[in-house]
Amino acid sequence: RNLLLPDGVPAERQWARFYIKIYRAEGLPRMNTSIMANVKKAFTGENKDLVDPYVQVVFAGQKGKTTIQKSSYEPLWNEQIVFTEMFPPLCKRIKIQIRDSDKVNDVAIGTHFIDLRKISNEGDKGKAE
């Protein structure tokens, strides 16, 4: 209850659900063409340059992710990730990252940040200043 809030953020805030819909990705790069891929092939016998992509979303200290699409350069998810957080949120951006699932270590393919201030509506039904 002693949380220090920035100016303009009301002390009494409501809970809200934030829905992030992930549809698809296009033109993903070949990921396993490096020296590490050759080392991996030597140990595991795997020889693949297709990616096994999934999307990881981080918002207000919470993480969610889509299912993994095996061996795809143009994955189609049509999934949504739901976060429950106070409104207006103190976090001002959502991190969306496409990752390649791997047995040894998942690798980031691309990262994008969505600024909530640029996509929110004015007033109590949308914008948090």
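Q: What should I know about the model before I start?
A: Residues are numbered from 1 along each chain as its sequence is written. Because the model is predicted, local features need pLDDT of at least 70 and side-chain atom pairs count only at pLDDT 80 or more, while totals for chains, interfaces and linings use all residues; side-chain values use heavy atoms, without hydrogens and water.

Q: How is a pair of aromatic rings described, and how many aromatic pairs are here?
A: A pair is described by the distance of the centres and the angle of the planes. Rings of Phe, Tyr and Trp (its six-membered ring) pair if their centres lie within 6.5 Å; planes under 30 degrees apart are stacked, over 60 edge-to-face, and the rest tilted. This structure holds 2 aromatic pairs. Phe 18 and Phe 59 form a tilted one, with 4.9 Å between centres and 55 degrees between planes.

Q: Where do Phe 18 and Phe 59 lie?
A: Strands are DSSP runs (E, at least two residues), numbered from the N terminus. Phe 18 is in strand β1 (residues 14-24) and Phe 59 in strand β2 (residues 53-59), so their pair ties together parts 41 residues apart in sequence.

Q: Which ring pairs with Phe 59 at 5.9 Å?
A: That is Phe 83: the planes are at 55 degrees, so this pair is tilted. Phe 83 belongs to strand β4 (residues 76-87), 24 residues from Phe 59.

Q: Is Phe 83 buried or exposed?
A: Buried means under 20% relative accessible area, exposed over 50%, and partly exposed in between (1.4 Å probe, protein chains only). Phe 83 is buried, at 2%, and Phe 59 is buried at 0%.

Technical notes:
Helix = DSSP H or I, 4+ residues; strand = E, 2+ residues; numbered from the N terminus.
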